[in-house]
Amino acid sequence: MLSDLKELPQDKILALVGMFRADPRDDKIDLGLGVYRDAEGRTPVMRAVKAAERRLWESQETKAYTSLGGDPAYREAMRKLVLADAVEPERVASAATPGGTGAVRMAFELLGMAAPEATAWLPAETWPNHVSILRHLGRPTKTFRYFDAETGLVDFEGLIADLEGAQRGDLVVLHGCCHNPTGADPDIGQWEAIADTLASTGAIPMIDLAYQGFGDGLDADAAGTRLLASKLPETLIAASCSKNFGIYRERTGILFAVAEDAAARDLTQPTLEYLNRQNYSFPPDHGARVVTTVLEHAALREDWKAELEQIRDGMLSLRRQLASELRQRLNSDRFDFIAEHRGMFSRLGVTGDEVLALRERHGVYLVGDGRMNVAGLNAHTVPLLASAIADVIG
Ligand code: LMR
């Protein structure tokens with residue numbers, strides 16, 4: 001059996017991790033994998049997370065299973081964080097999942113169960129794992145235009161024109177904020193128009209919300225998601241706590257299925273639990289319990305929000321610094337969009353050859369499509385990156 005397996009294509013993002021490690025240069029710069037790093041290059045455990053873990057260690061008396069959908073307190077705390085009061089709680093089914101990816105996978109499986117013929121629509125630029133999970137599940141896919149490489153902004157006309165071609169019951173994958181890989185997000189007026197288009201076609205949004213709090217703030221980053229959920233009969237949301245709580249390896253995520261009414265919700269909830277059971281039985285609990293502890297404890301919550309704000313501000317200031325360094329070096333506004341983008345990523349609009357030259361000549365590691373992780377920089381490496389970019393495109 002095993003010798004009959006086919007060789008698989010390497011994950012483009014994860015392949016970079018190994019290449020970076022193997023590079024002996026001291027001044028190499030890792031802008032690949034989407035993990036937040038501070039100015040010293042560390043991915044610290046957030047203060048509130050550490051405090052919550054200490055509390056749990058002292059108070060937790062059992063590690064027996066929770067429920068198939070995960071701890072109800074976690075689901076409620078996350079519902080408030082993600083959806084606030086956008087929809088009545090009676091309409092919201094949810095299940096804790098191993099990371100945001102677990103929720104994405106479950107959303108695609110739900111589509112297969114409810115509507116096996118339906119198409120999943122993906123932005124032409126998206127997280128490669130969206131494509132690969134759908135391929136793995138054998139789901140039909142189509143792409144819609146998303147990014148305008150000329151302006152570095154959302155190709156809004158192309159997006160709407162393509163989504164008008166979706167059929168009733170199709171699933172449309174959107175990034176709630178901090179679009180991965182481009183860094184370009186719709187503004188709130190554009191979210192309104194996306195909602196109208198989805199309402200008129202009857203397609204259902206599946207929003208991947210992996211970076212809430214990394215763009216413009218916790219509420220601003222959820223505004224598009226809340227708007228769609230409040231305007232449309234059905235919305236799926238795959239939320240991740242990896243980045244905003246910094247608990248990547250704890251695999252803490254959640255799938256929300258906002259149903260048309262309480263009856264549809266009552267049908268959906270056991271289906272989500274069934275999917276958990278078929279895939280891995282009970283979802284992981286440690287990270288979920290940490291998140292609940294932080295969100296429910298006033299002082300921990302405030303401290304978490306303060307640290308998250310600091311992280312967000314730091315990335316914004318790196319963006320402004322890089323845009324300004326490039327403007328000076330190139331005497332051009334070509335890269336001004338870097339300061340307008342949000343989240344960890346920006347697609348720089350450099351060619352594959354230029355990405356290669358950055359790696360080989362300067363030890364700068366970007367994903368092959370020109371995606372940069374801003375959080376891999378610090379005030380000292382920004383000028384080095386600006387010089388390297390100026391060199392390879394010059
Ligand atoms: C990324 O896009 O780099 C992150 O979401 C990490 C991953 O698993 O790909």
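User: In which helix does Glu325 lie?

Analyst: This is a predicted model: local features need pLDDT of at least 70, side-chain atom pairs count only at pLDDT 80 or more, and totals for chains, interfaces and linings use all residues. Residues are numbered from 1 along each chain as its sequence is written, and side-chain values use heavy atoms, without hydrogens or water. Helices (H or I, at least four residues) and strands (E, at least two) are DSSP runs, numbered from the N terminus. Glu325 lies in helix H11.

User: Does Glu325 count as buried or exposed?

Analyst: Buried means under 20% relative accessible area, exposed over 50%, and partly exposed in between (1.4 Å probe, protein chains only). Contact means heavy atoms within 4.5 Å. Leaving aside neighbours within four places in sequence, Glu325 has contacts with Val382, Pro383 and Ala386. Its relative accessibility is 16%, so Glu325 counts as buried.

User: How far apart in space are Ala390 and Glu325, C-alpha to C-alpha?

Analyst: Ala390 belongs to helix H14 and is buried, at 19% relative accessible area. Beyond its neighbours within four places in sequence, Ala390 touches Arg329 and Leu330. Ala390 and Glu325 are 65 residues apart in sequence, but from C-alpha to C-alpha they are 10.0 Å apart.

User: Which elements do the buried residues of H13 pack against?

Analyst: H13 covers residues 352–362, and its buried residues are Glu354, Val355, Ala357, Leu358 and Arg359. An α-helix has 3.6 residues a turn, so residues three or four places apart point the same way. After H13 comes Gly363, with a positive phi near 65 degrees. The buried residues of H13 pack against helix H1 (12–22), strand S12 (364–365) and helix H14 (381–393).

User: Which domains does the domain assignment give?

Analyst: The bounds come from an automatic or database domain assignment. The two centres, taken over C-alpha atoms, are 26 Å apart. In contact across the pair are 21 residues of domain 1 and 25 residues of domain 2. The assignment gives domain 1 (2–45 + 306–393) and domain 2 (65–296).

User: Where does the ligand lie relative to domain 1 and domain 2?

Analyst: A residue is near a molecule if one of its heavy atoms lies within 4 Å of it; a strand is treated likewise. The residues around the ligand are Ile13, Leu33, Gly34, Trp127, Asn180, Tyr211, Lys243 and Arg371. Both domains give residues to this shell, so the ligand lies between domain 1 and domain 2.

User: How many nonpolar, polar and charged residues does the shell around the ligand have?

Analyst: Ala, Val, Leu, Ile, Met, Phe, Trp, Tyr, Cys and Pro count as nonpolar, Asp, Glu, Lys and Arg as charged, and the others, Gly among them, as polar. By these classes, the shell has four nonpolar, two polar and two charged residues.

User: What share of the ligand's accessible area does the protein cover?

Analyst: Polar contacts are pairs of N or O atoms within 3.5 Å; within protein, one must be able to donate a hydrogen and the other to accept it, and residues adjacent in sequence count only if both atoms are side-chain atoms. Ligand oxygen atoms are 2.7 Å from a backbone N or O atom of Gly34, 2.9 Å from a side-chain N or O atom of Asn180 and 2.8 Å from a side-chain N or O atom of Arg371. Of the 260 Å² of accessible area that the ligand has on its own, the protein covers 81%. Areas follow the Shrake-Rupley method with a 1.4 Å probe, where for residues only the protein chains shown count as cover, and the share asked for is 81%.

User: What is the peptide bond from Asn180 to Pro181, cis or trans?

Analyst: Most residues other than glycine have a negative phi, and most peptide bonds are trans. Pro181 sits in the loop between strand S7 (171–175) and H7. Omega from Asn180 to Pro181 is near 25 degrees, and the bond is cis.

User: What is the phi of Asn331 near?

Analyst: Asn331 is in the loop between H11 and H12. With a relative accessible area of 73%, Asn331 is exposed. Its phi is positive in a residue other than glycine, near 55 degrees.
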